[in-house]
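Hi,

Here is the structure I said I would pass on.

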Amino acid sequence: LVSFMAFEFKLTNWQRALSQAVRHQSFADKTMVVMPAPKEGVLRDSADAFRRLGVGSAVFDPAVGLKYVVRPRRGRRRRSEHIYLDAVGRVGAALEA
């Protein structure tokens with residue numbers, strides 16, 4: 001079974017990152033927004049929006065690693081079967097190259 005997790009990395013704009021992560025749900029089983037460690041407070045303040053949409057959020061600090069604010073939920077089968085199969089094919093082709 002193939003499972004996809006999409007990460008959206010942003011330095012500042014969590015709203016844009018969340019919007020893009022929701023779009024990634026069309027092909028990914030889980031989606032997540034990752035921002036620099038100093039943005040943890042911003043992500044905590046917006047945690048309800050992430051939970052409501054099923055998108056995870058985390059901060060990254062090179063010294064510590066990844067720290068979850070909201071754990072991602074497995075997608076609610078919103079994904080397009082066509083887009084999902086295309087993504088699986090692309091990953092498979094990249095692995096064979």
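Helices (H or I, at least four residues) and strands (E, at least two) are DSSP runs here, numbered from the N terminus. Counted that way, the protein has 4 helices and 4 strands, and from the N terminus on they run β-α-β-α-α-β-β-α.

Before you go further: this is a predicted model, where local features need pLDDT of at least 70, side-chain atom pairs count only at pLDDT 80 or more, and totals for chains, interfaces and linings use all residues. Residues are numbered from 1 along each chain as its sequence is written, and side-chain values use heavy atoms, with hydrogens and water left out.

Now the overall picture. I call a residue buried under 20% relative accessible area, exposed over 50%, and partly exposed in between (1.4 Å probe, protein chains only). Of the 97 residues in the protein, 37% are buried. Taking contact to mean heavy atoms within 4.5 Å, 58% of the contacts between residues at least 6 apart in sequence join residues at least 24 apart.

Next, the aromatic rings. Rings of Phe, Tyr and Trp (its six-membered ring) pair if their centres lie within 6.5 Å; planes under 30 degrees apart are stacked, over 60 edge-to-face, and the rest tilted. That rule gives 2 aromatic pairs. One is Phe7 with Phe9, stacked at 6.1 Å centre to centre with 25° between the planes. Phe7 is partly exposed because its relative accessibility is 37%, while Phe9, at 56%, counts as exposed. Then there are Trp14 and Phe50: their ring centres are 5.9 Å apart and their planes at 40°, so this pair is tilted. The pair links distant parts of the chain, with Trp14 in helix 1 (residues 14-24) and Phe50 in helix 3 (residues 47-53), 36 residues apart. Phe50 has 0% relative accessibility, so it counts as buried.

What does Leu18, also worth a look, touch beyond its neighbours within four places in sequence? Its contacts there are Val33, Ala49, Phe50, Leu53 and Val55. Leu18 lies in helix 1 and is buried, with a relative accessible area of 7%.

His24 lies in helix 1 too. Its side chain makes a polar contact of 2.8 Å with that of Glu8 (a pair of N or O atoms within 3.5 Å; within protein, one must be able to donate a hydrogen and the other to accept it, and residues adjacent in sequence count only if both atoms are side-chain atoms). Setting aside neighbours within four places in sequence, His24 is in contact with Ala6, Glu8 and Thr31.

Cheers
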